[in-house]
2 protein chains.
Amino acid sequence: MKLLEEKIISDGLILDGDILKVDNFLNHQMDTRLLDEMGKEFKRLFNDKKITKILTIESSGIGISVMASRYFDYCPVIFAKKGKSANVTGDVYECRERSYTRNVDYNVQVSKKYLDSSDTVLIIDDFLANGEALNALISICHDAKANIAGCGIVITKAYQKGEKRILDMGIEVKSLARIVEMKDGEIKFG
Amino acid sequence: MKLLEEKIISDGLILDGDILKVDNFLNHQMDTRLLDEMGKEFKRLFNDKKITKILTIESSGIGISVMASRYFDYCPVIFAKKGKSANVTGDVYECRERSYTRNVDYNVQVSKKYLDSSDTVLIIDDFLANGEALNALISICHDAKANIAGCGIVITKAYQKGEKRILDMGIEVKSLARIVEMKDGEIKFG
């Protein structure tokens, strides 16, 4: 998505060689007009699928998922909760995730009430690098016996292992911006 | 807002006398069509104010804020981050908050880059009860010397102390559903 690539170049910050900070338009301050365009683009990319639910994870995936939902006939958006221990009451699908950013383990939880075998799920997240968060969401869909339409990612670091790991499961991954190299402050898309 | 009150009656769950669970349409699974209607209603309620930013707090305030932003000319949405310790790099506005639900203290943080004295801020959140989260957001706006247009709340428990506390500061509070009593499983709006 040209508009997003340009935004990353103009507003993104590269720190310590491999950290891309986009908190001025994506995950702290949000450019909602851009989010809306992204939602429209996800619809174009997954237009052939009859999506019944969008599944994401708190917090940075929520904004883009809600905007995207407008283009999928306002299908419900579920955001998985992260917590050190259980905080969703009742029966939950649960998966343990390792956060490399914060160096800590999390439980990822979705209430069983909101996902089942009648669902076709579009999984949306802001970033795909090693793929832990996405892996947890996929595992939860499998537990729920829900059909996975694919994964819609805003920014994928294609040189890390997450994308390949998910493609190897036979799950479609579509990224609005796909970074194949980040070196000396330069970003290469592909 | 009639539509929301009806939704709370039909889909809300009252637990242990005073806990209202609305996680099937507001803070776990989200009814995005309803969120869109709520955004439109916030615009009607704050139509006389020239809003430059919407400020909310992760995670449950994000969906409604992003939808609302569409009706405020797609103004940027900032979501404050919660953490036990600092996790936003660089200079931040910070406020300590007590969560009674989880019985723990949090830091609430907003990067100084995204809020200053030129801003007129609409603060949005899903719930107002004791008002700790909202108080932290107000305190951050004060630190930033930003003008506060008011607080837009989805559900206010008007019998708890938060609403009065904020009105007493001279800040406008507008709630889409205002609960004045919850007794024996019955909800009274007013």
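This is a predicted model: local features need pLDDT of at least 70, side-chain atom pairs count only at pLDDT 80 or more; totals for chains, interfaces and linings use all residues.
**Where chain A meets chain B**

A:Asp73 and B:Arg33 form a salt bridge, in which the closest N and O atoms lie 3.6 Å apart.

On the side of chain B that touches chain A, the elements of chain B giving two or more residues are strand 3 (29-30), helix 2 (32-45), helix 3 (60-71), strand 5 (77-83) and strand 7 (104-111). Helix 3 of chain B supplies the largest share of that side, namely 7 residues.

The size of an interface is often given as the accessible area lost when the parts come together. Between chain B and chain A the buried area is about 3,300 Å², and carbon and sulfur atoms give 54% of it. The contact draws 40 residues from chain A and 40 residues from chain B.

Strands also pair from one chain to the other: strand 3 of chain A, residues 29-30, is joined by 2 bridges to strand 5 of chain B, and these two strands run antiparallel. To find a point along strand 5 of chain B from which to follow this arrangement, the reader can look for B:Val77, which has A:Met30 standing opposite.

Note on methods
Residues are numbered from 1 along each chain as its sequence is written. Chains are lettered from A and ligands numbered from 1 in the order in which they are written. Side-chain values use heavy atoms; hydrogens and water are left out. Contact means heavy atoms within 4.5 Å. Buried area is the accessible area (1.4 Å probe) that two parts lose on being put together, summed over both. A salt bridge is a side-chain nitrogen of Lys or Arg within 4 Å of a carboxyl oxygen of Asp or Glu. Helices (H or I, at least four residues) and strands (E, at least two) are DSSP runs, numbered from the N terminus. Two strands pair if DSSP finds at least two bridges between them.
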